[in-house]
Amino acid sequence: MKQHIRSLLAAGIMLSPALAFAQAPAAPPAWQQGRPAEMSGSTLAPHAPRLTVTAPDAIPVAALRVPEGFRVELWASGMPGIRAMALGPNGTVFGGTRVIGRVYAIRDVNGQRQTSTFMSGLEQPSGLAVRDGALYIAAMHRVLRVDNVEANLTNPQPVDLTAAFGQATEAHHGWKHIAFGPDGRLYIPRGVPCNICDTDGDRFALIESWLPNGTDRRIEARGVRNSVGFDFHPRTGQLWFSNHARDWAGNDNPSDTLHVAARRGEHHGYPWCAGGFQDPAVNGRLCAEFPPPALILGPHVAPVGTHFYTGTAFPERYRGAMFIPLAGSWNRERLSGFEVITVREGEGGRLIREPFLTGFRDEANNRFIGRPSGALTMPDGSLLISDQQNGAIYRISYGR
Amino acid sequence: MGAAAVMAAALAFSAQAQDAARGAALAEARNCAQCHGPRGVSDTPIIPSLAGQQAEFTTLQLILFREGIRRVPAMVEPMRGMSDQQIEDLAAWFASLPSERRADRGPANPALMARGAEISAGRNCNACHLPTYAGRANIPRINHQREDFLEHTLAEYRDGARVGTDTNMNGLMNGLTDGDIRALAHFLAHQE
C-alpha cells in the first residue's frame, strides 16, 4: 500500500535523532498526532485509569439502567482495570487488563465467588481467548498459552508463542482484543502506531489470523485503524468488528464504526476514510472505494469487546444480537459513549441499534462513573459486562 | 439513587479512604525519608522529591512499582505487600507536604532557560502539567523537582526505559538530544 500523507508525521522522524530536533519538531506523542493548530489549546487527554480496588459499596450499580424485564447486579469486584473476559470449559471466567498488567480468574468454589490475580507483571494483557482447555493471552506483541489452564490456576507456566506470531512491537495501539474463529484460527488485530499517520499496510491497520501455533498467517481485513472488539456471527460465521476512528478531527467527526468482513483481505478505509468521513488531512483515495461500515456508532464512543449473545435466556429479539460496550470518549468536549448498546437485525437485515445498559454517564456534570469494557455470555444465558474503571463485573439476567 | 448521587457517594468514600496521618506513619515505617528526604524533599541524587506531589499520580506510580510494571530495584523492598489503602495513605501524606522552591537551587543559565522554554512550548508541556508545572490528578508536579532527577527520568522516557500509565511521555521525548533534555530539566527545575 503506497501512501503519501503530508503535514501529519513531521519530517523530523525520518532524520537521525541528532538532527531531528535541531531542524524540525520531532513527532508528537502518538495520541496527539494530527492535532490541528486550532485545537492546540485543548486540554483534552486520555482519562487516567483507576488502579486501586473500588470497594463494593462504592461501585455505582444502583445507577445502572437496563430495559424492562432485565436485572443488573454486581457479580464480582476488586479487579482494577478488568476488560476482556473469556470463559474456561469448567466455568472459570478470566479477565484481562491493560496498565495494571494482570489477568484475573473468577470462579465459584462451594457456592462462594472467588476472585484472584492469576498472572501479573505482564505488559497490557488485554487479549484473552480459550481453546481446548488452554488460555491464550495477548500482551501487546507477546502471545502466551497456558495449557490445561483451570488445573493450573495457582502456578501457571505459560508457553511463549511470541516468536511464532511475529507481531510488530510498536506500543501505540499495540494492545489487543483476540478471539478464536469458527475456523479454529486465532484472530489478532494490529492497530496503527499513531493517531493518524502513514503506515506499512502489510504490518499495521490489520486484523490477521493464524493457526493456534502461530503459523499460516493470513490477513483478514485491511485498513482497520484500531479494532479492540470483534466476534463471529453465530449463524454465518462472518467476522464482525468494531473500529476506533481517529482523534483531533472535531467533536463530531469521524465516527467509530461496526463492520462486516464480507471478503477476506478487503480494505476498510484507513487512513483516508472512516465511517463515511473523508479525512481532509489525507489525500489519495475516496470513501466510495471502500465498503461502507455496517453501522455508524458515533464519534469517539470507543467500542470495546464487541460480542454476539449466544444464550437463549434473553427474549427472542436479543438472541444472536450484538452487545457492544462503549468505553466512552476522551477526545470530545461533551462525553459520548459510556454505555452498552445492542445491535440486532430487523426486517430485510436492517440493523437496529438500541441502548441496553446505561447510567455510566453523568450528563449533568459531563463526567463518567464507569467504563463498560467487555461482554461475555454465560452458560445460564446471563450476560456479564466488565467495568474497567470500577474493577467490577456486572451480571445482567432476564426475568426472575 | 441517581448517577450523580452515586458519584457523590463514591467521591465521599474515596476522600475518606485516604488518610495522610496513617500515610505519615507508614512512610516512617518504610523509611521513605532515607532517600526521599524527611519532609519529602530529596537530597539524594536522581531520587525525586515527593512533597506536594499529586496524590493520584503518586498512587498510580506506587501501584506500577508494586505490580512490577515500573521496575526500580530500590523500590521493590519498600513496596512489598503494600495494600491499595496503604498506597493511597502514603500518596495523601506526600501530597500534604509543602512543595517549595529548592533551597540548593543554583542560578538559572540564560541559554539553557531559553532552550528549555522553547522545547516546553513546542511540546505543550503546560497543557497537561499546567502553566505552573504543578500538575493535576494523574499528571505530576514537575516544578520544585531535583534537576538531576528530571534529566534522568526524561532521558529514560526517551529511551523507553521508563513506563507510565500510558505512552504519552515516551512519545513526547522522542527525538530529543541529551543537550535538549538537560535544557528542559534546567528550565523546569527553575520554575516557581
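**Loops and backbone angles**

Me: Where in chain A is the place of A:Pro254?

Reply: Helices (H or I, at least four residues) and strands (E, at least two) are DSSP runs, numbered from the N terminus. A:Pro254 is in the loop that lies between strand 15 (239-243) and strand 16 (255-260) of chain A. Please keep in mind that this is a predicted model, in which local features need pLDDT of at least 70 and side-chain atom pairs count only at pLDDT 80 or more, while totals for chains, interfaces and linings use all residues. Residues are numbered from 1 along each chain as its sequence is written, chains are lettered from A and ligands numbered from 1 in the order in which they are written, and side-chain values use heavy atoms, with hydrogens and water left out.

Me: What kind of peptide bond joins A:Asn253 and A:Pro254?

Reply: Most residues other than glycine have a negative phi, and most peptide bonds are trans. The bond between A:Asn253 and A:Pro254 is cis, with omega about -20°. Another cis bond runs from A:Tyr270 to A:Pro271, where omega is near 5°. A:Pro271 sits in the loop between strand 17 and strand 18 of chain A.

Me: Which value of phi does A:His173 have?

Reply: Phi of A:His173 is near 55°, which is positive although the residue is not glycine. A:His173 belongs to the loop between helix 2 (162-165) and strand 10 (179-180) of chain A. In chain B, B:Asn31 also has a positive phi, near 60°, and is placed in the loop between helix 2 and helix 3 of that chain.

**Burial and contacts**

Me: Which residues does A:His268 touch?

Reply: Contact means heavy atoms within 4.5 Å. Leaving out residues up to four places away in sequence, A:His268 touches several residues, among them A:Arg222, A:Phe241, A:His259, A:Cys273 and A:Phe290. A:His268 lies in the loop between strand 17 (266-267) and strand 18 (273-274) of chain A. Its relative accessible area is 6%, so A:His268 is buried.

Me: How is B:Cys32 placed in chain B?

Reply: B:Cys32 is in the loop between helix 2 (20-29) and helix 3 (33-36) of chain B. B:Cys32 counts as buried because its relative accessibility is 15%. Residues up to four places away in sequence aside, it touches B:Ala27, B:Gly37, B:Leu90 and B:Phe94.

Me: How far apart are the C-alpha atoms of B:Asp148 and B:Ile47?

Reply: They are 8.4 Å apart, although 101 residues separate the two along the chain. B:Asp148 belongs to helix 9 (residues 147-158) of chain B, and at 27% relative accessibility it counts as partly exposed. Apart from neighbours within four places in sequence, B:Asp148 is in contact with B:Pro45 and B:Ile46.

**Whole chains**

Me: How many helices and strands does chain A have?

Reply: Chain A has two helices and 29 strands. The radius of gyration is taken over C-alpha atoms, and the globule rule is 2.2 Å times the number of residues to the power 0.38. For chain A the radius is 21 Å, close to the 21 Å that the rule gives for 400 residues, so the chain is as compact as a globular protein of that length. Of these 400 residues, 60% are buried.

Me: How many helices and strands are there in chain B?

Reply: Chain B has eleven helices and zero strands. Buried residues account for 48% of the 192. Among contacts in chain B between residues at least 6 apart in sequence, 71% join residues at least 24 apart.

Me: What does the domain assignment of chain B give?

Reply: Domain bounds come from an automatic or database domain assignment. Here it gives domain 1 (3-96) and domain 2 (110-189) of chain B. Their contact takes 19 residues from domain 1 and 17 residues from domain 2. The C-alpha centres of the two domains of chain B lie 22 Å apart.

Notes:
Buried means under 20% relative accessible area, exposed over 50%, partly exposed in between (1.4 Å probe, protein chains only).
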